[in-house]
Amino acid sequence: MSISEAQPSPEKTEKAYSTYIEGFDGHLDGGIPQGHIVLISGAPGTMKSTMAFSILYNNAREDLASGLYVTLEQTRESLMRQMEKLGMFVGREFGVEILDLSVFRQGEEDWMGDSGEDGRRESPWFKKFRNILETQKKVIDYDLLVIDSLPLVEIVCGIRNSRYGLFRLFRWLHDLGTTTFIISENPPDERIVRESDFMADGILHLLMETSAELNLSRVLRCTKMREVNHDPGYYVLEYKDRRFWASPKRYDVGRMVSRL
Ligand SMILES: Nc1ncnc2c1ncn2[C@@H]1O[C@H](COP(=O)(O)OP(=O)(O)O)[C@@H](O)[C@H]1O
Ligand SMILES: [Mg+2]
């Protein structure tokens, strides 16, 4: 069951979406509360896009939610090929659509010429971005949304250095009523906290670790999940048999070399 009773109360029942990462949902108290905005952060190649897509795909497969994956980074074709190789599919029959807005980046000269958000004025590109997603909401009524990625939305929508613009983006996403996953860039230092970290309801952080034997492993950590009594520990993440698996990370102190 993907939508579970996360925190039942006498007044209302709150829903939570499973991540479909075997061995991990239990540590999230059943899943991600409906309506949350969750950052998926990590270095390139840590499988952020794949994990986000897998959450949409598996919830749709169980007929529990339909998903929209908005890509500004990778083209629809490239993303589809990647997911198909991993045993996941795109299209109405699978309940997951990919919306390719990489074309937005071709408007580079236009949005570069537009100073964007200054706290008072909204960038026309931001308006365009919102209109497209609101129209799609009417057309396919998606429950789960992925935005890949935050740095590109910030650039295209002219909110890169605008705290108010970022706040406006998060407030609009809350009003949209979806449960949203935003793929975020990796801070060079895990201890660095960004504006978006404060605004997000949850953070799933992906890391690549190198051991003294030069073995590389992907590691997952839920650093924040509002309203959830979650485990903030590290989990080794693997993709096999068409799904993600997480197992608690055991550290041999002094033998871990680096973390990216
Ligand atoms: N079957 C697989 N099992 C494990 N890793 C894979 C598999 N297929 C692709 N990858 C890895 O996934 C990575 C890309 O995942 P992706 O989700 O695009 O990462 P990110 O979005 O974090 O850059 C590549 O580095 C590739 O090596
Ligand atoms: Mg990616």
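Here is a walk through a predicted model, from its ligand to its core and then out to one helix.

Let's start at ligand 1. Around it sit G42, P44, G45, T46, M47, K48, S49, T50, L86 and Y239. Sorted by class, that shell has five polar residues, four nonpolar ones and one charged residue. Helix α1, which covers residues 48-61, gives the shell its largest share, with three residues.

In general, nonpolar side chains in soluble globular proteins tend to be buried together. Here the largest nonpolar core has 65 residues, and the members touching the most others are V38, I40, A52, L56 and V146. Helix α1 turns up again, as the largest share of this core, seven residues, comes from it. V146 is a handy place to look around: setting aside neighbours within four places in sequence, it is in contact with A52, F53, L56, Y69, V70 and F181.

Finally, have a look at helix α4, residues 124-140. Within α4, the buried residues are W125, F126, F129 and L133. Look down the axis and the buried residues of α4 fall within an arc of 110°, which means they line one face of the helix. Just past the end of α4, D141 adopts a positive phi of about 45°.

How values were computed: Residues numbered from 1 in each chain as written. Chains lettered and ligands numbered in written order. Predicted model: local features only at pLDDT ≥ 70, side-chain atom pairs only at ≥ 80, totals over all residues. Near = placed C-beta within 6 Å. Helix = DSSP H or I, 4+ residues; strand = E, 2+ residues; numbered from the N terminus. Nonpolar A, V, L, I, M, F, W, Y, C, P; charged D, E, K, R; others polar. Core = buried A, V, L, I, M, F, W, Y, C linked by C-beta atoms within 7 Å. Buried ≥ 20, exposed ≤ 12 C-beta atoms within 10 Å, placed from the backbone. Contact = placed C-beta atoms within 7 Å. Arc of directions from axis to C-beta.
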